[in-house]
Amino acid sequence: GSSADLGISATYKFADWISADAIIVNGEGYKKIQKNDGLNYGLGVTLTPVKGFQMRLYGGLNENGEEGKKDITNLAAFMGYKHEKFTIGAEYNYMMNASNKEDADQSGYSVFASVNLPKNVSLYARFDDLYSKNDWNIAKDESAAILGAQFKLGKYVKIAPNFRMAMPKADGEKNSYSAYVNCYLGF
């Protein structure tokens, strides 16, 4: 949910290796005024069987509250491992009734990795793949790849130049390429 949603959340740690969380919020976010009676519910379970390795399952329901529109259901699974020298992970998401339309299901996955090098430098890569059931949203379905480096220039400053490639799935669409420089200033 959005950080601007109004509601309640709770987390409980059953043991060092398992915790659960639940949330109920108004679900509209800060870009929309709450006009419907629908709420956004979520439930997650996080497992940490060994130090650094984490698995998470999450399910959410976003009630629409409007006549004739469907509720949105989200399911997600994450698995990752974080070591002092590297991080790897993968996530899968499935959304039913996207945009509150019946059978407008979407799914996607992401895989990523980063490696910490000497002198406050790290390299990272990520691949995303988004697709819609029966190609209902083929115009927006695509794969994307990111490759970059992050340089920590001080306690509060990070700079991350990166290259991105978007690969649309619609026939006749061409790949696009771009370069970015992300900056982080924290105090």
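**Notes on an eleven-stranded predicted model**

1. Let's start with the overall make-up. The secondary structure of the protein consists of eleven strands and zero helices. Please keep in mind that this is a predicted model. Followed along the sequence, the pattern reads β-β-β-β-β-β-β-β-β-β-β.

2. Next, the overall dimensions. The C-alpha trace spans about 60 × 50 × 30 Å along its principal axes. The accessible surface of the protein is about 12,900 Å², and carbon and sulfur atoms supply 58% of that surface. Of the 187 residues in the protein, 25% are buried. As for contacts with a separation of 6 or more, 33% of them are between residues 24 or more positions apart.

3. How are the strands arranged? They form an open sheet of eleven strands with antiparallel pairing, in the order S1-S2-S3-S4-S5-S6-S7-S8-S9-S10-S11. S1 and S11 stand at the edges with a single partner strand each, so one side of each has no neighbour in the sheet. On average, neighbouring strands of this sheet are turned by 10 degrees against each other, direction ignored.

4. Eight bridges hold S1 and S2 in an antiparallel pair, and a hairpin of two residues connects S1 to S2. One of the bridges can be found by looking at Ile8, whose partner in S2 is Ile24. Strand S1 covers residues 7–15 and is hardly covered itself: of its nine residues, the number that are buried is zero.

5. Further along the sheet, S4 and strand S5 (residues 72–82) run antiparallel and are joined by ten bridges.

6. Now the charged side chains. How many salt bridges does a search of the whole structure find? The count is six. One of them joins the side chains of Asp21 and Arg56, at 2.8 Å from N to O. This pair links distant parts of the chain, since Asp21 is in strand S2 (residues 18–25) and Arg56 is in strand S4 (residues 53–62), 35 residues apart. Asp21 has a relative accessible area of 18% and is therefore buried, while Arg56, at 24% relative accessibility, counts as partly exposed. The cut-off for buried is under 20% relative accessible area.

7. A second salt bridge to look at is the one between Arg126 and Asp128, with the closest N and O atoms 2.9 Å apart. Arg126 counts as partly exposed because its relative accessibility is 41%. Asp128, at 18% relative accessibility, counts as buried.

8. Two further places with salt bridges deserve a visit. The side chains of Asp16 and Lys13 meet at 4.0 Å, N to O, and both Asp16 and Lys13 are exposed. Elsewhere, a network of salt bridges links Asp103, Asp105 and Lys133.

9. Is Ser107 buried or exposed? With 7% relative accessibility, Ser107 counts as buried. Ser107 belongs to strand S7, which covers residues 106–117. Leaving aside residues up to four places away in sequence, Ser107 touches Tyr92, Asn93, Tyr94, Asp129, Leu130 and Tyr131.

10. Tyr92, one of those contacts of Ser107, also takes part in a surface feature. Together with Tyr109 and Val111, Tyr92 forms a nonpolar patch on the surface, and the accessible area of the three residues together is about 240 Å². Tyr92 is located in strand S6 (residues 86–96). Its relative accessible area of 35% makes Tyr92 partly exposed.

11. Finally, a loop residue. Asp171 is found in the loop between strand S10 (157–168) and strand S11 (176–185). Its relative accessible area is 78%, so Asp171 is exposed.

Terms used: Residues numbered from 1 in each chain as written. Predicted model: local features only at pLDDT ≥ 70, side-chain atom pairs only at ≥ 80, totals over all residues. Heavy atoms only, no water. Helix = DSSP H or I, 4+ residues; strand = E, 2+ residues; numbered from the N terminus. Buried < 20%, exposed > 50% of the residue type's maximum accessible area, 1.4 Å probe, protein only. Contact = heavy atoms within 4.5 Å. Pairing = 2+ DSSP bridges. Axes fitted to C-alpha atoms, helices over the stretch in contact; angles between N-to-C directions. Patch = residues over 30% accessible without salt bridge, like charges linked within 9 Å, V, L, I, M, F, W, Y side chains within 5 Å. Areas by Shrake-Rupley, 256 points an atom, 1.4 Å probe, with all protein chains shown as cover.
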